[in-house]
Each structure stands twice: as structure tokens, then as C-alpha cells.
Amino acid sequence: MTSTTLFSDVVLPAATWYEKHDLSSTDMHPYVHSFNAAVNPPWQCRTDFDAFHAIAARFSELATHHLGVRRDVVATALGHDTPGEAAQPGGVLRDWRRGDVDPVPGRTMPTLTCVERDYTAVAAKLGAVGPLLDKLGTTTKGYTVEVGPELAWLAESNGVAAGGPAAGRPLLDTDRRTADAFLALSGTTNGRLANEGFRVLADRVGRDLTHISSHQTGHRVTFADTRSRPVPVVTSPEWSGDESRRAAVRAVHDQRRAAQALAHPHRPPALLPRPRLDGRTWRAAAAVPAAAGPAPAVRGTPARPRRHR
């Protein structure tokens, strides 16, 4: 028991890293790797995945008599890198509640949507891929790509729900199947989606960008791959800011190291000359003009002071 659980009415004992299957990645290195169960969770412990699915199943059962189908009005904030956010004049967020602007859903205030919720189908929907991906694709950093081939692969690999609200949809009923869905639908672990993202951005900016990722369109990471070794991610527009700059530095470094390997074929890798990077590759990006007005919606992150030892 911890100081948190001592104040809790209900405690769900959770499995640790070595008692479950999961994915791990970080911007500290360009790899994705897995956690795998060395032993089963002891006594009443469950993985987070199994605990939430058990709660959903019981909740859906009780909802048949208590909640049924309801309709709610949902306010969705203007998301980062969306047309709604970018359309704010000068990057300044004006408050419609104070009369600064007229309240226009999706433009000067959050988008309002009527959502139908079938509470009896929560468990079924939690355990399968939803149908909106077929029509809307996936949207990341303001661009959208279609994922039809990935959904077809998931249906073949994971199987589909035999009946109920999720009938015919790819299953997400186990942690490993869900991990495969994440890997298949991410442009950082699916070369086709990464290349498609660069193609969409190329159409937007009027400059070909597909040469960045065209060589990796056949690269796709599965959960089985991550269980055997750390798998490198692919170059993708899903990375931005400092991550893109580091990726560019790594790309230049790898290219020059490959050239050194060809020039010195008899030397082991540890004895190859270390390629020098052009300082222009990693120096700070060009300054962005400040937004007009006293309260910009997006501010740059201040530099972290360097500590001297």
C-alpha cells in the first residue's frame, strides 16, 4: 500500500513491466521496443489492458438497464496545428465571453457536436477498430492520410469481431493485437504512411518531399519484430521541431560514416575516421517573426539556462 492507495476506496493491483506485453519508445533514441511478460501477474494483479477491458465489460452489462443510448453535446477545443487555430488573427486568442469577438463554433470558440453514445456497446467498441478510420483516415500534425491497406492487414492478422456492434471490425481484444494496431497506423513505424504524409505535405507546399522517405515505403514494424530486437523508426513528418533537426543530423552523420566505410573497407567500424558535421546542420533554426498583438497564442519555448559545474 502506498500513500495514494491508502486514500482510495477501490484499489486495482496492476501488473509490472515484466508481467505484461507493452510498447516503449522515447525521443531520446530512434527505436521502438517491447516489454514482454516473463511471468504471469501474481494473485489478483492484472495488466492495465485487462483491467480496463474487464471494467468495460461489466459497465456495458449494467448499462443495458441503467443508461442505454444517450445524446450529449460535446465541446471540442481548437486543436494544435489545425485550420481553426491557425486562423486566429496574429496568433491572438480573443475571448468571445468578454465580447471580444462573436461566438462562432469552430472559429472563435470550440466546435459543438451532438454525439450519440451507446453505453451498452462500450466493451465491444473498446475491443475493435472503429469504422471512422475507413472514411476519415488518420490525422497527425494537421495532415491526413488514408489507412485502407493497414485496416485490411489488421483484419487479416488480428481477425474480426463475429457479431455485435463491432461486427466485421479488426479486433483489439488482446494487448499484442492492440500493439500491432498502433504500429501499423503510425507513420514512424509504417514507411508507407510516412511516405504518404510527405506526399500530402508536398502538395501543400508545392515542393517534392517524397524523396525523403520513398526508399522506406516497404518498411513496417510489427510487435513480433520488437520482441526480437530494438527496431529503428522511419523518417516521418510526424516528428517536428527539435526531433526533425536531430533526425537531419543523424542522417548526415550516417551518410558520411557510410562514405568512410567505403573509403576504408579493411578497417573495423570502431577505427573509422569520425565524420565531422557542418555546424550549419545543428545550429539554432531561423527566428520566427513575433505574432501581432499583445497575447500570441503560440510562444516559443525559452532556452534552458546552462548549468556550470
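Visitor: What should I know before I start?

Guide: In this predicted model, local features need pLDDT of at least 70 and side-chain atom pairs count only at pLDDT 80 or more, while totals for chains, interfaces and linings use all residues. Residues are numbered from 1 along each chain as its sequence is written, and side-chain values use heavy atoms, with hydrogens and water left out.

Visitor: How many salt bridges does the structure hold?

Guide: A salt bridge is a side-chain nitrogen of Lys or Arg within 4 Å of a carboxyl oxygen of Asp or Glu. The structure holds 14 of them. In one, R192 meets E150 at 2.8 Å, N to O. R192 lies in helix α7 (residues 191-205) and E150 in helix α5 (residues 148-158), so the pair ties together parts 42 residues apart in sequence. Helices here are DSSP runs (H or I, at least four residues), numbered from the N terminus.

Visitor: Is E150 buried or exposed?

Guide: Buried means under 20% relative accessible area, exposed over 50%, and partly exposed in between (1.4 Å probe, protein chains only). E150 is buried, at 0%, whereas R192 is partly exposed, at 22%.

Visitor: Which residues make the nonpolar surface patch?

Guide: Patches are made of residues with over 30% relative accessible area and no salt bridge; like charges are joined within 9 Å, and nonpolar side chains (Val, Leu, Ile, Met, Phe, Trp, Tyr) within 5 Å. Here V10, L12, F52, I55 and L126 make a nonpolar patch of about 530 Å². I55 sits in helix α1 (residues 48-66) and is partly exposed, at 43% relative accessible area.

Terms used
Areas by Shrake-Rupley, 256 points an atom, 1.4 Å probe, with all protein chains shown as cover. Helix = DSSP H or I, 4+ residues; strand = E, 2+ residues; numbered from the N terminus.
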